[in-house]
Amino acid sequence: MEKNTVLIVDDYEFNRLILCDMFPDMDIIEAENGFSAIEEYEKHKDKICCVLTDIMMPVMDGFGLLDYFSKNKYTDEVPVFVISADPSSKVLQRAFALGAEDVITKPFNVNFTQKRILECIELHRLREKLAELTSDDSFDDM
């Protein structure tokens with residue numbers, strides 16, 4: 001089963017709507033904070049192909065979410081994109097250190113961002129297929 005669901009994490013509904021519109025051919029799950037995102041990911045991780053998260057949110061911020069994903073090796077399973085209005089090197093370094101696939105700064109160009117995210121999803125899918133092929137028992141017989 002191909003994963004076809006995007007988990008969008010942002011405390012502002014308007015921001016979630018903009019991000020939802022970028023993926024008309026995919027299923028969307030929305031969360032208002034990192035804690036809710038963890039709950040949704042745990043319930044639907046077999047369907048989720050990427051996570052888009054804001055940094056500044058109540059209850060649990062995006063760094064808390066990334067930290068949880070990193071500690072549980074979820075960043076190996078699914079690409080996580082940080083979307084932030086703060087383009088500082090401190091934010092970039094912390095996001096990448098916690099396993100973010102990419103950091104997208106606000107305001108962003110919708111078409112460019114959509115293409116960037118979709119290409120990363122495809123790359124992740126290809127890596128998973130390659131890993132399956134190379135771990136196949138019949139491959140060892142060659």
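In this predicted model, the axes of helix H2 (residues 34-44) and helix H3 (residues 62-71) come within 8 Å and cross at roughly 35°. The crossing in which H2 passes H3 is right-handed. On the side of H2, the contact is made by Gly 34, Ala 37, Ile 38, Tyr 41 and Glu 42, and on the side of H3 by Leu 65, Tyr 68 and Phe 69. Sorted by class, the residues in this contact of H2 with H3 are six nonpolar, one polar and one charged. In general terms, two packed helices are described by the angle between their axes and the distance between the axes.

Four aromatic pairs are found when the whole structure is searched. One of them is formed by Tyr 41 and Phe 69; this pair is tilted, with 4.8 Å from centre to centre and 50° between the planes. Because Tyr 41 lies in helix H2 and Phe 69 in helix H3, the pair ties together parts that are 28 residues apart in sequence.

The report now turns to the strands. An open sheet is formed by five strands in the order S2-S1-S3-S4-S5, and their pairing is parallel. S2 and strand S5 (102-105) stand at the edges with a single partner strand each, so one side of each is left without a neighbour in the sheet. On average, and with direction ignored, neighbouring strands of this sheet are turned by 20° against each other.

| Strands | Sense | Bridges |
|---|---|---|
| S1 (residues 5-9) and S2 (residues 27-31) | parallel | five bridges |
| S3 (residues 48-54) and S4 (residues 80-84) | parallel | four bridges |

Ile 8 stands opposite Glu 30 in S2. The chain passes from S1 to S2 through helix H1 (residues 13-21), and this β-α-β crossover is right-handed.

How does helix H1 relate to the strands, and at about what angle does H1 run to S2? H1 lies across S1, S2, S3 and S4, and its direction is at about 165° to S2.

How values were computed: Residues are numbered from 1 along each chain as its sequence is written. This is a predicted model: local features need pLDDT of at least 70, side-chain atom pairs count only at pLDDT 80 or more; totals for chains, interfaces and linings use all residues. Side-chain values use heavy atoms; hydrogens and water are left out. Two strands pair if DSSP finds at least two bridges between them. Helices (H or I, at least four residues) and strands (E, at least two) are DSSP runs, numbered from the N terminus. A crossover is right-handed if, with the strands pointing away from the viewer, the path from the first strand over the helix to the second runs clockwise. Axes are lines fitted to C-alpha atoms, for helices over the stretch in contact, and angles run from 0 to 180 degrees between N-to-C directions. A crossing is left-handed if the near helix is turned anticlockwise from the far one by less than a right angle, and right-handed if clockwise. Contact means heavy atoms within 4.5 Å. Ala, Val, Leu, Ile, Met, Phe, Trp, Tyr, Cys and Pro count as nonpolar, Asp, Glu, Lys and Arg as charged, and the others, Gly among them, as polar. Rings of Phe, Tyr and Trp (its six-membered ring) pair if their centres lie within 6.5 Å; planes under 30 degrees apart count as stacked, over 60 as edge-to-face and the rest as tilted.
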